[in-house]
Each structure stands twice: as C-alpha cells, then as structure tokens.
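My plan is to look things up one at a time and jot down what I find.

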Amino acid sequence: MAATQATLSAMDPSKSSKNTIKLENTEKRDTLIAIEKKYQQKWAEDKVFEPNAPSTKEIPLQDISAADLRAKYPKFFGTMAYPYMNGTLHAGHSFSVSKIEFTAGVARMQGKRALFPMGFHCTGMPIKACADKLVREVEMFGKEFERCPETNITNSQPEETPAPTEADTKEDITKFTAKKGKAAAKAVKLKYQFQIMLALGIPLAEIHKFADPQHWLQFFPPLCRRDLTNFGARIDWRRSMVTTDANPYYDAFVRWQMNRLKELQKIRFGKRYTVYSPKDGQPCMDHDRSEGEAIGPQEYTAVKLKVKEWAPEAAKLVESKLPANANVFFVPATLRPETMYGQTCCFVGPKITYGVFKAGENDYFVVTERAARNMAFQGAFPKWGEYEKVAELPGTSVIGTLVNAPLSMHTEGVRILPMETVKATKGTGVVTSVPSDSPDDYATVLDLAKKADFYGIKKEWAELEIIPILETPSYGNLTAPFLVKKLKINSPKDAAQLEEAKGLAYKEGFYQGTILVGKYKGQKVEHIKDNVKRDLIDAGDAFEYAEPAGLVISRSGDECVVAHLDQWFLNYGNGDEEWQKTTLGWISEGLNTFTTETKHQFEKTIDWLNQWACARSYGLGSKLPWDHSFLVESLSDSTIYMSYYTIAHLLHKDIFGKEPGLAGVKAEQMTDEVWDYIFTRRELSDEVVKSGISKDSLESMRREFQYWYPLDLRVSGKDLIPNHLTFFLYIHTALFPKEFWPRAVRANGHLTLNGEKMSKHTGNFLTLDDTVKKYGADASRVALADAGDGIEDANFEESVANSSILRLFTLKEWCEKIAKLAKGEQMRDEIPLRTGPKVFWDKLFENEMYSLANEAKNHYSATNYKLALKSAFYDFTTARDFYRESTTASRIGMHKDVALQYIKLQALLMAVITPHWSEYIWQEVLEQPATIQNELFPELPEADVTLLAAREYVRTTTSNITSAEAAQQKKKDKGKSVAFDPKKAKKLTIFATTKYPSWQEKYIDLVREAFDGVSINDKELNPKVAKFGEMKKAMPFVQGLKRRLAGGESANIVFDRKLPFDELDTLKEMAIGLSRTTGCKAIEVIAVDEGGKTGTVIKSVDVVGTGVDSKGKEETTTQVDQSADQKRTELPQPAEGAVPGVPTFHFENI
C-alpha cells in the first residue's frame, strides 16, 4: 500500500486549492447558503425551470406557423458545450455556465419562456482508455493496488519544492510533491490511472469499479447535476441524456444524422491524411489529445535527391550496410515545389543524427527518425507502420555529399551543406536550398561562402550560380537577395528579419510570381504550382508527405503522426465549396458572434478547415450505421444535439433512456423517417406512421422542436472555434432549413484564478463544488459576473466572492430592518420612515434608481454582465447609501415608499445574478406570494436629466467641500499655516451665481459650431480653442460643456448657458445636511451679484446646541433662518470665482 499512501499524501484533493483564500468566520456565508438550499429545493419541487412549448391541444400544429408561434409566445433557447464525464466540473466550467445561465435569467425577466438544458458527453476515447488502464493496473497490483511499489511512482532523489513562479504554469501538472519535510520530500509522478483517480477524490476502495467504462457514465453525471444545482443554475434536467449507445434514443438520433449526411454526400470515404496515434491504432482527433488541439496535417512535397558521391566519412559509415548498387536519396520536404528549378545545395543539421531507411527493393531514404515514423504510415516504406533503419549518419558526416537535385538548373549535382537552424522536429530534417527565392537560404549560403574554412567546406560548394526562376513585380527576379539587402539582414541569426522576409517572399512569389524557366515558363505560380508537384511525382522524383503541423500527444501518451488512411470523413472545406460558402455566408450575415475577433476566428477556420475523420474503431460511442466496425467520433456526434434537447423529455425520463418519456415512445420506433418528420425535413407519411408512434405524440415532438429552434445562443470556450463550434454550424446548415440555423455564438476566454492560471500543482485550483461550498452560490455568481465578458481571458477573484458574502448579508439585514420599520416597528437608533409628499432627496434618489435600473437592463440585454452588475448592484447600493446619508444628515429620514421601492428594484435587478438572495428578499422580506423567477424586469420611466444633473451637482459640491476641509487638516498636522482650524467651531459660506463670466461666450460659440447634434468634432474644435491662449481655464470649461451634452442634456439648455436645475434651490436643500457632514456651527448660502463683491443670503443654518434624546442618542438642534434675504458686502475673494454649476466656498472659525 506504500504507493497508494504516497499518492494520497501528495495528491490529497484538498491540497489542489491550498494557495487559495482561507475563510475564517463563515457564519454569514452559512446563513446565505441555507437560504440557497431552501430555494433550490423549492424551485425543483415547483418545476420552475421546466418550460414547455405551447401544446398542440392549446394551438393545433397546423393552425399557426412556427415563426408566428414564436412571435406570439417569445422564447429563449440557449446551451453550452456539454461537459465530458471523466471528472467533476471546475471553476472554468462555471464561467461558461454563468454566461448561458445569466442570459437565460435575463430572458425570463423579459417575459420569454427560457430553456437551458444540459447533457453529459461520454463519447470518444478518454473514458475507455482510462478504464482499460485500470483493468491492467488491477491485474498488476491488485484490487486496491496494494502491490504497487512506492519506487514505481517516485523519483529516487529528494527534491525541494521551489516557490511558485510564472514558470509553474508551464510545468508538468502530473507531478506532485509529497509533504514529508524538505529533506525527505520525493516527487510523486502520476504514472498510473489509479493515482489520477485518487487525485480526483475517488475513494481507494471504489477505484476498481472504474475499470468498467459504463461506471463512469453512472458516477459522474449525478455529480455534475449536483454541482450545477447547488450553483443555482436554471437548468431543465428533464431533457438530460448521456451520449453513446448507452442511451438508445440518443444512439438512434446519431445514426439518423450520420445516415442523412452520407445521403447528402457530406460524408465520404477515401484515402486522406489524418493525425493518427500508432499506439491507439486509430485517428487521434481533437478531444482525444492531451496536447495539440486544433493541429492538423501539414502536407509537403518530398523531393528525392539521389546520392551521386558520398562524403568520405559517410561513405565509410554506409559501406558495409548498403548494397553496392543502392539508390540512396536525401529527402527534403518542401512547401514550394515550383522553386525546385533554383536548387543550389541541400542543407542538413550538423547536430542532427539521421537514419538511412529502407524504402524499397534497392531504395533508401536519408531522413530523421521522426520523419521516417510519419512516412511509415503513408505508404512510403514496404510495410505499413514499419520503418527499417539500416544505418545512422551524423549530420556532420554527410557534409560535402554530391546529390542530384530534380529540376535544378545545376544538372551536374549540388552539395550537402550545414545549416545550424535545421530542426529535427519539423519536416524531414533535410532542407533543399533555393537562394534565389528563400531569404533563409540566401543568408545561409552567403555565410557559408564567407566562412568556408570554419564550416569545413569548399567555398565553391556554396557559390553555385544563383539563377533567377521567378519574376515578381515588387522584388524583381531575385526576391531573396532583394529582401535580405532591403531589411539589412547580416547573418542567418537575424531571425526576426528573416521571418519577415520569408513572409513577404512567399506571399509575393505565390500570388504575383511568374515562372521564368522550365515547361511552364511565363505562367503564374499560383496556377502551375500543383502541376510542378505532379510532374515531380510522376517522374519518380518526389512523393507526397505529411506530418502534424505541431506536436500532438494522444491521451494515451503517444506522439502522433500523420497517416494516409482509407476512412469515412466529413467533407468540410474546399472539398464541398457550396457547403463551405453557405456556412461562411451564415457566419458573415446571420450569426451574432458578439465580437469581431470571434467572427474573424470563424472565418479563418472555415478557410483552412478540411476533411475531418468522423469514425474510429476504439472508444465509446454510436456505431456507424453502415459499418458497425466503426464508432462515430466525439466531435461528430456532438454537432446538433441541441435539437435533441427539444424533445428529450418526451422520449425518456432518465438519462439512459431506460424508462420511456411523456410521449410513450420506444427507442426502436425512432426511425430515420420519424426524425425527419420531427425536424421538419418531411411531412407526415406512411413511412412515419408505420413506426407505430401516435399522431399526437409525433405532432407534440415536432411542436417542441419548431418552437424552441432555432438555438438562440451557444456558449463555449474560444478554443472550440477551430473544431466543435465550426462543425456545429456546418452540420446545421446541411441538415436543417435556414429558419432553424443557430442565431448566436458567444465564445469566452479561459478563466484564471486570482490572476494566475488554475493549476492543481501550484494549489491555485477550485472545482465548482469547492467554489460553491466555500463562498455560496450567489457570491460565486457575483464573482463570475465580475470576471469579464469578452473573448479575452477572464479572472475569478476570490476577494470579490469573499466581499460579496458580506455585501449580500449586510444588504439582507438592512432590507429586513426597513421592512420592519415600514410596518411601524420601533427600532433603537433608527429614524422612523416618513410618509406623505416626497421631498427633494426622495425625488433625487428615485430618479437615480430609474437611471441605474434602465442602464442595468440595457447591459443585461447586451450580455454585458460585468457592467450590469456594476449598475444593478454596486452603483445601486451606492445610490442607496447616498440617499440614506443625505436624509439622515438632513434629519428627515427616508421615505417609506421610496425605501421599499429600492428593495423591490434591487431584488428584481439582481435576480439574474443572485437568484437565491433575490428570492429571499422577494418572498420573505417583501412577502410576495410567488417566486421572483417568474417576475419581469420593471418598466420604469426614463430618468429626468434635470434631477440627474442635480444629483451629480450635490455629489461633486459635497466632495469638494469635504476634501477642502480635509486638506486643511493635513496641512495643520504637518505644522503648516492654515486658513482655519478644522477642529474648532467653524462657519461655512457657499457662494453661487446665476450668471456666467463674459469670457466664456466665445467658447460657447466654438462648441456650438463643432456640435453636429450627436457628437463634437474635437479635431476642429481644439485648435480654435488654443488660438485664444487661455487653455488652462478654457479647456476645463469646454470639457464641462461636452460632458453635459454627452450626458443627454438639451443642446439649447447647454448653449443658452442654463443649468438643467435650479442651483440656488439645490444649495438650500443641501445646507442642513452639510452642517452635519462638515460639523460646522453655521452655514450660509449666498447668491453672488455680478462682479463677486456683494451678494444676498438665501439660506442660513445655525447649530444652536447638542444633547441626548430620550433613547440616549446624541441629538443636534438646528435653527434655520427663514427670513434670509440679507445683503452682504465685501465678500471674500472666493466669491469672485463662482460660476453657475460650480460654487465656491469659504471656511472660517467662529
């Protein structure tokens, strides 16, 4: 048991989150979670999230078109990529869930029937491969792996665990470190599947059960449902299913779509290149890979350069290993066969070891072993999958070898020369040199000729004549020399400039180049490139070769190759140009992608995506209907399953389809003709009726599909654009009428945690279950909404989730308190709520609530949840705080109706993001009779810009006054002289005027001229303002005008130099509150006359005493001088600076 104990110690699942925030006091969180559990249960009991289409009994199928039905009964149907069932959901999954979850919540509050279903993906190789590993491990080590030695899973040398750095995100995540002290710590390697299961938290005694792949399907889906239910997701679980033939209904659905695609000739059979795992013995598609997703085959022309004369060292190495008359070929792989006329030499990597591989009776290829392994699965060698190596040759040993270069103008042969930048991991490790058109080649031959002795070559080998072979309009007939000179490239080490030069040369050569030599002389390169390739192959001088465009590792740990196989494939790409054009057209014209980056990624994928192998022989899945030796691969059975959701609840009651659903249909009755009828591909006919399904059931299923389709929103990570999401669009355009094509795809970025990549190794990792247990559902949802909305990577900040617990709990308590006060309960230290007419502060707050609520609704509609959260929660509570503080400072208290309206609006606006909290407020605080989940967004009047301007004026003026007082205190604390002592009795005088300074007139005129009714032309305006030489005072004034216009104020009011509110009346309302805010014993508001020397008192407030009220609370008594209207002369200097909208003020001790 030593190995299992070591693994358990090192990979305790709790350690995967060891570097996340630790919570101390959880009482508030636990209170919120208790509320969440209560309402999750109630929603399930009341079937709140189980919407149905209008039934055919309500509205017969033939009585209304599908489009009219959807218009009469608005709906929303959204999905995310169903999760793969080889583990539990992590926080990254929850980010994608949140996007569709929030959108479904918004749709409900817009009055739509909202459907959010969720299935469980089990197709493909990963589950089967893991199960098979466990079968072997149980055989080797026993049912509880007790016979596995600890030495099998640990390094022999102790090692210290370094402090986490940025590099941690690039380290092997399968390595963990057992915590046994620094001196004795051993690195534990996840070598066996049972260890991975332990790391997932599976009990040791249960692991052997996972040797049966079907056990995975039983074990993980319930956990997925549990976690999403605890998260508060609005999912209709009736429509769930597992994929593969484990569910016979879904199996029939997959068989139908494959049959129809084959009939439409979208699926074809033939030889094609595909990424392939020799170890697994089958194609390795994206979901079968642990590394290299979206990497496909790169096709080359492999040119055969026959050895005419070996270099001395190489001759000795091959002398006894090759027949005397052997034909040996160096085989470079090129993307530019049309340039072979210009070959002057051939490069090898001097540090690379090459193999000599038997290619035929008497033929041998010199390439890297990696290239030979690829060739072995492409028919290049005598036996499939085998590559016989007869000799090894160090790169240095072959330098100087003379070879024949097909098509080269140097018919006497060219030499093998060294090139330091040749990679063994790309191509064949052999590179043919065309210095006329390849900047890399030209820079290298110059360097070789210059340093011939250093490289151990004869200078003349690198100085064969460079013959022009292509004419280009931009670079002449020697493209490479032209660009090397132009970009000042001095050596082969100038990698950045060479990369730029290569791009320019290849693009110009292909699209604009004209061939100057050979049988195609005078023709465009883009027209004859394939002809040259075919000529070389037909002459026996070349063959087709392909390899993965990057490193691809299968989930079984195999480095993949490219194989040339007979296989069934979906004919994506230019093999079916009409299909390609149709799908691209929908992306361009009919699909909402939310960001231009997403649209561009789709367009690029459509451009490069080619035929896709849709069948495999190993794994889980549905059998190919016409060839049961193959299974439908995981990215091909998951393209249109959204349509299956629409009727899943009618077909079966459980995810495995063991119990028939509401329609009472058996799986064997779901013939291809029935699927056609449901999905509107045919009308009711004998072929459909003979299935034995009743007409009512058939029409009910068709109604569900016609109502819920098209899919309104698909949410997924951006990494699925190059495969799943593009396939999803392709297959929809092939199988469904245009009316039912998807309407929107939202691709989101990856989710980081606390600004760092999520990693179990570094302890910066949370599962969805961890997150919800730690912070509760609503606080987690707030953090996810706050994480971001674009296609760029988002960030889940635990500090946001943690602070949201306090925010939600505190706000809950406040709402409860207000509800009690509204009922007339007396509460210690609380000012009673007012009734009667609404005063200035009530109107100000009510208007701001309208503004923020409408703003939040707009953000919700645009799926900008971070901004919606700001308006609906952060700004909304800030507005409440200002209202509460203002009415408290003014000693009037809040208005009962306004305070209750705030609570109602807050609950409604946050129901999308915090459904449990909102439900509690709605039902238990506001005592509403039914769930908030069926409520609509409130219809509110547009905000009054006059009151908004007054609110901003109050905020700014109050801030300016309190900041000035604080600045004086700071100066005093530093021992500097001050105009007044803030801690002594003081008086505040505020100066305001209704007239603007005359110097502003000219700037008003300039702004009016530059304003076109919508925006201001700054390029035209700013130079004119600068001409007057008053930028320091002019620009702030001009910017103020622009802000008012942008804020929606009437241009007439702005340009007529009128404030949208009465400034003097506003200051009167503020006076009493300011006395409390500033602690002043007296406040005067003076309307300043023109010139700023005299004015009239319009408000006077005196604090005449403080004491203690009957409840023991400090009470301040104020006296308001209602007579006012006193004239003041010889006003202090600040009075002269007052302008409408920008009052000045003066403090003095009294």
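This is a predicted model: local features need pLDDT of at least 70, side-chain atom pairs count only at pLDDT 80 or more; totals for chains, interfaces and linings use all residues.

Helix α18. I looked up residues 641-651 and found that 11 of the 11 residues in helix α18 are buried. The buried ones run from Tyr641, Met642, Ser643, Tyr644 and Tyr645 through Thr646, Ile647 and Ala648 to His649, Leu650 and Leu651. What covers these buried residues of α18? I noted helices α8 (248-263), α19 (672-678), α21 (695-708) and α22 (721-735) among the covering elements, along with strands β1 (75-80) and β28 (713-717).

Strand β23. Next I went to residues 561-570, where eight of the 10 residues of strand β23 are buried. Strand β5 (residues 267-277) runs antiparallel to β23, and 10 bridges join them. I found Tyr273 opposite His564 of β23. Strand β24 (residues 612-613) also pairs with β23, antiparallel, over two bridges. There, Phe569 has Ala613 of β24 as its bridge partner.

Confidence. I checked the pLDDT: the chain averages 91, and 94% of the residues score at least 70. Residues 156-186 fall below 50, though the model gives this stretch 40 contacts beyond near neighbours in sequence. Residues 1107-1112 also stay under 50, with 10 contacts beyond four places in sequence.

Domains. The domain assignment gives domain 1 (297-548) and domain 2 (977-996 + 1062-1149). I looked up how far apart their C-alpha centres lie, and it is 88 Å.

Definitions and conventions:
Residues are numbered from 1 along each chain as its sequence is written. Side-chain values use heavy atoms; hydrogens and water are left out. Buried means under 20% relative accessible area, exposed over 50%, partly exposed in between (1.4 Å probe, protein chains only). Helices (H or I, at least four residues) and strands (E, at least two) are DSSP runs, numbered from the N terminus. Contact means heavy atoms within 4.5 Å. pLDDT is the predictor's confidence in each residue, from 0 to 100. Domain bounds come from an automatic or database domain assignment. Two strands pair if DSSP finds at least two bridges between them.
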